[in-house]
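Me: I'd like to learn how to read a protein model feature by feature. Could you walk me through one?

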Amino acid sequence: MSDRHVYEYALLRVVPRIERGECVNAGVLVYCRARSYVGARTHLDEGRLLALDPRVDLPGVLAALRAVEGVCAGGDAAGQAAGDDPGRRFRWLIAPRSTIVRPGPVHTGLTADPAAETERLLDLLVR
């Protein structure tokens with residue numbers, strides 16, 4: 001039996017001006033059902049975002065990214081989602097929304113270590 005498990009992931013994108021269609025990748029969400037894992041890691045290139053929109057609400061964007069990490073972490077940081085299982089929290093976070101911080105499409109892969117995969121995807125697709 002393989003020690004690798006299916007996981008799903010989605011990028012978190014910051015879209016400061018929807019009419020221009022530009023975005024900055026700012027994080028990654030990872031869910032692995034077999035490991036009961038849901039995690040998020042974020043990294044915002046503030047200079048790149050400000051180049052797209054110098055008037056963007058930077059503190060608001062950072063707060064939204066921290067909130068996503070909190071929901072994934074569970075406990076008090078997850079607020080009302082604290083009692084939800086990891087899959088439900090992931091599905092709620094990837095649901096389409098019309099905010100500045102929004103999830104991209106969901107992709108899949110195989111991993112033996114979902115937490116390490118979260119870091120790898122952050123380095124590969126965001127930083």
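Reply: Happy to; we will go through the core, a helix, the cysteines and a strand. This is a predicted model, in which local features need pLDDT of at least 70 and side-chain atom pairs count only at pLDDT 80 or more, while totals for chains, interfaces and linings use all residues. Residues are numbered from 1 along each chain as its sequence is written, and side-chain values use heavy atoms, with hydrogens and water left out.

Me: Which residues of the largest nonpolar core touch the most other members?

Reply: In soluble globular proteins, nonpolar side chains tend to be buried together. A nonpolar core here is a set of buried Ala, Val, Leu, Ile, Met, Phe, Trp, Tyr and Cys residues joined through side-chain atoms within 4.5 Å. Buried means under 20% relative accessible area, exposed over 50%, and partly exposed in between (1.4 Å probe, protein chains only). The largest core has 25 residues, and V14, L29, L44, L49, V61 and L65 touch the most other members. At least two core residues come from each of β1 (5-14), β2 (24-32), β3 (37-42), α1 (46-52), α2 (58-73) and α3 (86-94). Helices (H or I, at least four residues) and strands (E, at least two) are DSSP runs, numbered from the N terminus. The biggest contributor is α2, with six residues. A second, separate core of 10 residues includes L11, V28, L122 and V126.

Me: How should I read α2, and what do its buried residues pack against?

Reply: An α-helix has 3.6 residues a turn, so residues three or four places apart point the same way. In α2, the buried residues are L58, V61, L65, V68, G70, V71 and C72. They pack against β1, β2, β3, α1, α3 and β4 (101-111). Contact means heavy atoms within 4.5 Å; leaving aside neighbours within four places in sequence, V61 is in contact with V14, L44, L49, V56, I100 and V101.

Me: And where does α2 get its N-terminal cap?

Reply: From D57, which has a side-chain oxygen 3.1 Å from the backbone nitrogen of G60. After the helix comes G74, with a positive phi near 80°.

Me: How many disulfides are there?

Reply: A disulfide is a pair of cysteine sulfur atoms within 2.5 Å, and by this rule the count is zero. The sulfur of C23 is too far for a bond, because the closest cysteine sulfur, in C72, is 19 Å away. For C72, the nearest cysteine sulfur is that of C32, 13 Å away. C23 is partly exposed, with a relative accessible area of 38%, whereas C72 is buried at 5%.

Me: Which strands does β1 pair with?

Reply: Two strands pair if DSSP finds at least two bridges between them. β1 pairs with β4 in the antiparallel sense over nine bridges, and with β2, also antiparallel, over seven bridges. L12 stands opposite G27 in β2. Seven of the 10 residues of β1 are buried.

Me: Is E8 buried or exposed?

Reply: E8, in strand β1, is buried, with a relative accessible area of 17%. It stands opposite T108 in β4. The side chain of E8 makes a polar contact with the side chain of R91 (2.7 Å). A polar contact is a pair of N or O atoms within 3.5 Å; within protein, one must be able to donate a hydrogen and the other to accept it, and residues adjacent in sequence count only if both atoms are side-chain atoms.
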